[in-house]
Amino acid sequence: MTIVGKRIGAAATMVCAVAIVSGGVLASRARALTPAGELASHRAVYELMLAPSHGNSSTVSARGRILYDFVGSACEGYKLEFRQVSELDNGEGKVTLSDLRSNTWEDGDAKNFHFKSENYMNERLLDQVDGQAIRQPDNIAVALTKPKEAKLSFDRSIVFPTEHVRRIIDAARAGKSILEFPVYDGSEKGEKIYNTLTVGGRMIPPNERVPTDAAAGQQALAGLNRWPVTVSYFDRAQAAGEQTPVYSITFELYENGISRALLLDYNDFAISGELKSLEIRDVKPCP
């Protein structure tokens, strides 16, 4: 994906982020009604700002927000509404405003994935993507209606965004720190596949490094472990061999799929995302 933060829809679908009230009673109910092993339905907002960078970026300031609204279950499928608005200033009078809006649905078996997105730059629509991917016995068949009608075929080993999150959590619980998957999320006109490398760190128990952001005081998170995770995205079209990632995302991932402490690294600059509000909703158990 091309705009700052656009990728986070896959990771913090993977990962993840408009002011929401989240009282202790609601959080307690959500914990009780989120079945074990299921991903939590939640609505979160992340506030973005420029982070210290190791590159030579001309960007001198950045601000913005991410809205991440995730709902569903393994039996009903998972729906994600994602929006990121970012403003970048190069300090020389050039300010760039980007606005990404995305909606996806993925079934619980990771066999069917619907995606739709609009990408605006300085309030001008740059591109639209609309399509569906279906996992078949020997491939993944993609049918696009926007930006133009097209049919594509990809290797069956590719994973979809929510499936990717579930596999990261499963690996973390099993003590596995390295995970590699090609990921498809409908980005780059629906034609792009990214190779991903996920590196997980040591488990953080509930009473260690207690959060001070919107995760603090959430009874639904109080007893959950979390892990520091970095997911790096590589251009699959590049020649094999040592590559620099196109970008990477670092975050802390809870067992129920909620994320905090985001850092999006684009090599020449980085954006941090602080969890500012969080609402955790009830999840109906599967029949």
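A: R281 is partly exposed, with a relative accessibility of 22%. On this scale, buried means under 20% relative accessible area, exposed means over 50%, and partly exposed lies in between, using a 1.4 Å probe and protein chains only. The model is predicted, so local features need a pLDDT of at least 70 and side-chain atom pairs count only at pLDDT 80 or more, while totals for chains, interfaces and linings use all residues. Residues are numbered from 1 along each chain as its sequence is written, and side-chain values use heavy atoms, with hydrogens and water left out.

The side chain of R281 forms a salt bridge with that of D69, at 2.8 Å from N to O. A salt bridge here is a side-chain nitrogen of Lys or Arg within 4 Å of a carboxyl oxygen of Asp or Glu. D69 lies in strand β2 and R281 in the segment after β14, so this pair ties together parts that are 212 residues apart in sequence. Helices (H or I, at least four residues) and strands (E, at least two) are DSSP runs, numbered from the N terminus. D69 counts as buried, because its relative accessibility is 10%.

Strand β2 takes part in another pair. R63 forms a salt bridge with E87, and their closest N and O atoms are 3.1 Å apart. R63 lies in strand β2 (residues 61-73) and E87 in strand β3 (residues 77-89), so the bridge ties together parts that are 24 residues apart in sequence. R63 counts as exposed, because its relative accessibility is 56%. E87, at 27%, is partly exposed.

A further salt bridge joins the side chains of K276 and E47, with 4.0 Å from N to O. This pair links distant parts of the chain: K276 belongs to strand β14 (residues 270-280) and E47 to strand β1 (residues 42-51), 229 residues apart. Both partners are partly exposed, K276 with a relative accessible area of 40% and E47 with 28%.

The chain has five helices and 14 strands. Of its 287 residues, 49% count as buried. The accessible surface of the chain comes to about 13,400 Å², and 50% of this belongs to carbon and sulfur atoms. Accessible areas come from the Shrake-Rupley method with a 1.4 Å probe, and for residues only the protein chains shown count as cover.
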